[in-house]
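Okay, everyone, thanks for coming.

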Amino acid sequence: MFRVAVVGDHGSGKTTFLGLLYAALVSSGSGKGDDLRFHVAYDSLDEITVLFQRLMSGGFPDSATKEGLHELRVELEMARSGHGVFSRLGSRNRGTGQAGTIHFSLPGSLDEASPGLHQGSTFGTGKWRDALDADALVMLADGTRLAAKGTDVKTGPMAAYDGRLEALFIAIQRWRSSGGREVLHPVFVLSKFDSVRPEVLKVANVEAKPPAVGKAGLRVAYAKALLDTNLPRTLALLQGPRGKKLRFAPPAFVFSRVTSEAEGPDRAERIKLRRTDGGGWEPDYSRDEYLAFLEHLARIASEAKD
Ligand SMILES: Nc1nc2c(ncn2[C@@H]2O[C@H](COP(=O)(O)OP(=O)(O)OP(=O)(O)O)[C@@H](O)[C@H]2O)c(=O)[nH]1
Ligand SMILES: [Mg+2]
């Protein structure tokens, strides 16, 4: 089983991210080619279905949805001769069609985690175990909180979060110094990317839209132009000397965006919906980003099995 832990501060967009990932999975698994088939484990089905229905009808996660969803277990299966985003995986596996089980967990909000974690000390049980044992660590960086280049990094809006992420990585390094998985894949999700302050993009000297999926080098440069100012300690740690056992893979970046409609006097903030090819409705979100991320996960999950 390939373990993916999703971490971020309170309200950074964790639940929305997982819901949209599921929406992307559903939309790709019901396409004409059916390159990707998936099966959601029974124990995760209720919560993800409720969240999915909520997003598809234009609502952001509410408190009831948030309470329930702490994990999602998905069995991925690739078509034998896939031609879609998953085709590479299909060929790698020479038609066995298996990517295996991917277990997503949402251990909680990092700003509300145990003090032991903040100090980087080792701690044993509890839901944060999932983060310590993860194959991939997905870190939400709330786009609305990004500071513009030139801001004092020590007092910027993400400075404290940067420290918490760094502490989490140090805790993981310690936890695995004597065993456990030897590779950790860091993934930065720049969430709410529709709402990044224009000034932030301007000062960083980047376009309003991130480079398309597939333009790997440009995307790394784009993301780093924004994150260098906001998460410098975490980025430095990931690039620094290796720990005794644990190795960090090069980070991946996901630009997550769902268009929202502002709240009015008597209505809550809503998700803007758009027409699908099939004639239905879905959230207006960065579907390409999510599909590319699923492909990335499927690939590293299949490599982890080798
Ligand atoms: N504009 C915009 N707003 C977003 C997006 N994603 C999340 N939000 C906003 O952020 C709020 C919090 O999102 P959640 O997904 O519930 O965040 P969370 O990290 O799960 O929050 P907690 O579980 O309460 O800590 C939502 O209610 C939206 O208002 C996005 O892509 N675009
Ligand atoms: Mg949540």
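Let's start with R181, which is partly exposed because its relative accessibility is 28%. For us, buried is under 20% relative accessible area, exposed is over 50%, and partly exposed is in between, with a 1.4 Å probe and protein chains only.

A word on where this comes from: it's a predicted model, where local features need pLDDT of at least 70 and side-chain atom pairs count only at pLDDT 80 or more, while totals for chains, interfaces and linings use all residues. Residues are numbered from 1 along each chain as its sequence is written, chains are lettered from A and ligands numbered from 1 in the order in which they are written, and side-chain values use heavy atoms, with hydrogens and water left out.

Back to R181. What does R181 form a salt bridge with? With D135, and the closest N and O atoms are 2.6 Å apart. By salt bridge I mean a side-chain nitrogen of Lys or Arg within 4 Å of a carboxyl oxygen of Asp or Glu. D135 is buried, since its relative accessible area is 5%.

The structure holds 15 salt bridges. Take D9 and R145, whose side chains meet at 3.6 Å, N to O. D9 sits in the loop between β1 and α1, and R145 in the loop between β5 and α7, so this pair ties together parts 136 residues apart in sequence. Helices here are DSSP runs of H or I with at least four residues, strands are runs of E with at least two, and both are numbered from the N terminus. D9 is buried at 4% relative accessibility, whereas R145, at 29%, is partly exposed.

Another pair is D284 with R274, at 3.0 Å, N to O. Here D284 is in the loop between β12 and α11 and R274 is in strand β11, so the parts they tie together are ten residues apart. And R3, R129 and D133 are linked in a salt-bridge network.

Now, the helix. Among the buried residues of α9 are Y222, L226 and L227.
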